[in-house]
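Look at the aromatic side chains and the nonpolar surface of the model below.

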Amino acid sequence: MIEDGFLYVSILIAFTAIVALAESKIKSKFFKYVPGIVLIYIGCTLMQTFGLFGTSDSMDSTYNSLRGALLPAMLMLMLLHCDLRKLFKLGPKMLLTFFAASFSIIAGFSITFALLQSFYAPGTDKAFAALSGSWTGGSANMVVLQDILNVPEGIFGYALIMDTINYSIWVMFMFWLVPFAKVFNKWTKTDTKYLDQVTAELAASSEESESKNIGFVEMLGMLALGLFVAAISTAIGNRLPELGEAVNGTTWTIVIASFVGVVLAMTKVAKIPGSMELSKVMLYIVIALIASHADFSQILQAPIYILSGFMILLFHALIMILLAKIFKLDLFTMGVASLANVGGIASAPILAGAFHRSLIPIGIIMAIMGSFFGTYFGLITNFILSKL
């Protein structure tokens with residue numbers, strides 16, 4: 001049984017690196033259905049479940065310090081790609097559709113929780129709020145909300161299972177719908193001419209932001225910036241007043257780090273390569289840390305959570321279809337808005353490209369919007385579920 005904090009973190013990072021290397025080098029469909037981040041969570045949880053990690057002040061101190069530093073740093077680095085000036089290029093229809101998708105997901109969580117809350121384990125409302133952050137933004141938002149809301153690690157594991165199984169099937173379903181775009185658009189009586197203008201503008205700007213080679217200086221600079229912003233945000237956030245259960249020192253820290261990231265995204269700092277890669281490293285490590293405090297002993301309760309995931313997505317789909325018919329929205333806008341929420345940067349651009357390669361930038365920008373708003377949508381979900 002391991003009780004030394006340094007050895008504990010070393011094992012987690014080593015396991016994370018092995019999974020990431022396998023995902024990168026092994027050309028298998030397995031990783032399309034079981035992403036590396038899920039294997040990391042499962043593996044680290046099994047280590048805890050079978051007693052590899054013990055309990056000690058050294059481990060607790062290491063866990064809290066490392067996680068507290070990486071969370072705001074990770075989010076700030078991810079938001080360096082969120083230039084608010086570019087979001088207006090999407091036009092009001094696409095922007096409103098994105099937000100409609102977000103609130104339909106929140107509605108899905110609320111309705112499902114109200115119907116099935118007697119079947120859930122204690123703390124599920126907070127786990128659903130964290131998952132809502134993922135399904136309206138991305139995994140980083142889910143991790144941030146898990147920390148803000150103090151979601152029990154065991155229940156958080158169920159949310160991650162939902163985030164994998166239900167999300168994977170939803171992505172496959174959205175890709176399956178692509179060939180039926182003309183049929184759907186005819187049914188909604190939509191006019192897609194506006195897409196050509198938006199696509200032309202975004203395609204021109206995307207050529208200027210092609211990836212560059214990442215060197216030692218760039219990586220060191222991004223690491224220094226991320227940790228410095230995290231330290232300053234934490235110092236200020238811990239001194240600001242608490243407002244209820246959700247707005248605490250951690251909440252203020254995340255808000256400050258997010259604000260800094262959005263501001264820097266409109267400067268030359270955003271053009272420095274390495275921020276996305278470094279933030280992904282941080283995300284994997286944070287997931288490993290969270291998983292090391294989880295336990296699979298209650299895994300038999302997972303089926304009700306998987307069923308809940310499908311119910312949430314069903315309500316989301318019904319609301320979106322109704323809105324598409326009323327406001328004459330096209331399948332491309334509906335689909336990408338949905339995956340920009342549920343799937344984030346990993347799937348929204350791919351779905352956009354399935355419609356047409358020139359539409360990929362729209363998927364990217366919509367997904368970046370989710371990464372910014374996801375945490376706040378999760379807090380809204382938490383407020384609603386706490387009243388049910």
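Patches are made of residues with over 30% relative accessible area and no salt bridge; like charges are joined within 9 Å, nonpolar side chains (Val, Leu, Ile, Met, Phe, Trp, Tyr) within 5 Å. A salt bridge is a side-chain nitrogen of Lys or Arg within 4 Å of a carboxyl oxygen of Asp or Glu. Accessible areas use the Shrake-Rupley method with a 1.4 Å probe, and for residues only the protein chains shown count as cover.

This is a predicted model: local features need pLDDT of at least 70, side-chain atom pairs count only at pLDDT 80 or more, and totals for chains, interfaces and linings use all residues. Numbering runs from 1 along each chain as its sequence is written, and side-chain values use heavy atoms, without hydrogens and water.

Phe216, Val217, Leu220, Leu223 and Leu227 make up a nonpolar surface patch of about 490 Å² accessible area together. Val217 sits in helix H12 (residues 216–237); helices are DSSP runs of H or I, at least four residues, numbered from the N terminus. Val217 has 61% relative accessibility, so it is exposed (buried is under 20%, exposed over 50%, partly exposed in between).

Now the rings. Phe, Tyr and Trp (its six-membered ring) pair if their centres lie within 6.5 Å; planes under 30 degrees apart are stacked, over 60 edge-to-face, the rest tilted. That rule gives 20 aromatic pairs. Phe113 and Phe128 are edge-to-face, because their centres are 6.2 Å apart and their planes at 70 degrees. Phe113 is buried at 7%, and Phe128 is buried at 1%.

Phe372 and Tyr376 form a tilted pair, 6.0 Å centre to centre with 55 degrees between the planes.

How values were computed. Helices (H or I, at least four residues) and strands (E, at least two) are DSSP runs, numbered from the N terminus. Buried means under 20% relative accessible area, exposed over 50%, partly exposed in between (1.4 Å probe, protein chains only).
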